[in-house]
Amino acid sequence: MRCDEPQRPMRRDPRAERNLRRCRTNEAESSTEACSRRRDPRLERDRRRQRPSIQLSSSGIQALLSDPASLSPLRSRHTARRGDPGSTLSPSLATRPSQPEILRIEAPSCWILVVPDAPSGALTSHDRDAIAAARLLADNKNGGVIALAPAAAADYGAIGIDRLVQLPDVHTEPAFRLATLEAILAEYAPAHIILPDTPLGGGHLGRLIATRQSLAIAPGVIRISGGELVRLADGGRIEQTLPAAPVILVAPESADPKPSARREARVLPIPALSEVDETIEDCGLLPVDPYSVPLQEADFIISAGNGVSDWESFSELAKVLNAAVAGTRAVCDANYLPRHRQVGASGTLVNPRCYLSFGISGAPQHLQGIARCERVIAVNTDLHADMIKRADLAIIADAQTVMPSLLALLRKQR
Ligand SMILES: Cc1cc2nc3c(=O)[nH]c(=O)nc-3n(C[C@H](O)[C@H](O)[C@H](O)COP(=O)(O)OP(=O)(O)OC[C@H]3O[C@@H](n4cnc5c(N)ncnc54)[C@H](O)[C@@H]3O)c2cc1C
């Protein structure tokens with residue numbers, strides 16, 4: 001067409017128009033529902049629990065590494081209110097002017113005892129699930145909930161605790177924890193004891209107490225429904241419903257912690273202990289080989305993607321942080337890591353309290369593998385990477401710069 005010709009209106013191609021409309025709709029969908037088309041209920045729930053991503057300089061990572069739970073949206077300082085000891089109210093609501101309503105229970109039909117792990121001083125999400133399960137069971141039986149836990153781990157009144165027996169310290173000796181638990185059993189005769197089914201925490205303590213006291217135990221409970229327990233049987237193929245056992249070990253996400261009326265969280269004295277078995281000693285955490293810890297059991301994972309080229313710093317960082325090593329399929333394909341360290345849909349599904357990732361894009365197959373991680377930290381040069389969207393803490397920087405800086409910082413502190 002020559003420039004001096006009068007311009008005719010262009011003909012509109014209906015197919016092109018339709019495609020354009022579709023593209024726009026897809027764009028809008030993908031920006032609201034990042035990275036997954038299928039809605040995975042666990043992902044959804046984790047996302048609801050997440051705080052928005054925070055972008056931080058590499059020095060800011062330090063706080064999270066020392067206490068990954070410190071970003072917990074539910075964690076707050078212990079402000080449990082003590083009830084009026086002279087109160088004679090039977091399950092009833094008592095209000096004070098300008099104070100939130102506190103549900104006080106004086107004479108419940110039974111007590112449910114919950115023993116969270118609180119391994120680093122704060123409640124884990126699994127602990128909160130166990131507390132929610134205890135509340136469910138107690139409400140079903142018109143009972144009350146007693147927690148045996150470190151005092152500063154949570155605002156217990158806000159999460160449904162009627163009574164609290166405070167453990168003096170985070171690193172309470174297992175023998176002392178066991179003796180306290182037995183003393184509570186003798187003093188308050190709870191109808192049920194609920195613990196998170198963790199290999200080194202509640203799972204161990206629950207089995208120990210069940211054996212010592214000859215109590216029936218229900219491990220791996222996935223749901224509490226109408227006062228009954230549901231757990232997987234026959235290799236996970238069927239759900240089995242059984243009456244509530246005296247000792248109940250709950251799986252993660254067995255109950256949904258929901259906000260409800262504030263409870264009293266009245267502090268009870270530790271009953272007199274009969275005898276502490278001094279033969280059990282807590283040696284704290286032992287250093288592990290980062291390449292041999294099974295990924296399913298790891299509590300802290302450091303993971304590499306294609307954006308990592310300084311493998312020496314990565315390996316060294318894993319040792320210093322005492323974290324298990326993992327990676328994406330891309331790095332396993334390239335033989336930087338053995339196949340059994342691959343996280344994702346065709347690798348291992350992991351559920352550590354902290355997942356520290358370097359140079360990982362966040363492909364849907366990888367994100368499926370980390371859906372149940374409690375806290376995710378992502379280091380990536382690309383602000384728009386899906387891994388950054390998934391992260392609770394994002395560091396937009398070169399992995400090869402962050403890793404040595406972090407190492408230097410950690411070494412200076414130790
Ligand atoms: C059927 C199937 C199953 C799969 N299963 C899995 C699985 O189980 N697990 C899995 O992980 N993948 C799986 N994948 C592969 C997956 O789709 C992705 O290809 C893979 O996860 C990408 O790995 P990556 O993030 O390491 O690499 P890339 O996609 O190449 O991403 C590299 C990232 O590093 C960042 N980066 C680059 N340089 C730097 C730097 N200097 N510092 C910091 N960041 C940097 C980039 O911005 C980018 O985000 C599967 C694929 C298929 C088809």
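User: How many disulfides does the structure hold?
Analyst: In this predicted model, the structure holds zero disulfides.

User: Is Cys373 buried or exposed?
Analyst: Cys373 is buried, with a relative accessible area of 4%, and Cys332 is buried as well, with a value of 2%.

User: Switching to the ligand, what surrounds it?
Analyst: There are 25 residues around the ligand, and the closest are Asn306, Thr328, Ser346, Ser361 and Asn380. By type, the shell consists of seven nonpolar, 15 polar and three charged residues.

User: Which atoms of Ser361 and Gln342 lie 2.8 Å from a ligand oxygen?
Analyst: For Ser361 it is a backbone N or O atom that lies 2.8 Å from an oxygen atom of the ligand, whereas for Gln342 it is a polar atom of the side chain that lies 2.8 Å from a ligand oxygen.

User: What about His366?
Analyst: An N or O atom in the side chain of His366 is 2.9 Å from an oxygen atom of the ligand.

User: How much of the ligand does the protein bury?
Analyst: The ligand taken alone exposes 980 Å², and the protein buries 69% of that area.

User: Which elements give two or more residues to the shell?
Analyst: Those elements are helix H8 (329-333), helix H9 (364-369) and helix H11 (399-413).

Notes. Residues are numbered from 1 along each chain as its sequence is written. This is a predicted model: local features need pLDDT of at least 70, side-chain atom pairs count only at pLDDT 80 or more; totals for chains, interfaces and linings use all residues. Side-chain values use heavy atoms; hydrogens and water are left out. A residue is near a molecule or strand if one of its heavy atoms lies within 4 Å of it. A polar contact is a pair of N or O atoms within 3.5 Å; within protein, one must be able to donate a hydrogen and the other to accept it, and residues adjacent in sequence count only if both atoms are side-chain atoms. Accessible areas come from the Shrake-Rupley method with a 1.4 Å probe; for residues, only the protein chains shown count as cover. Helices (H or I, at least four residues) and strands (E, at least two) are DSSP runs, numbered from the N terminus. Ala, Val, Leu, Ile, Met, Phe, Trp, Tyr, Cys and Pro count as nonpolar, Asp, Glu, Lys and Arg as charged, and the others, Gly among them, as polar. A disulfide is a pair of cysteine sulfur atoms within 2.5 Å. Buried means under 20% relative accessible area, exposed over 50%, partly exposed in between (1.4 Å probe, protein chains only).
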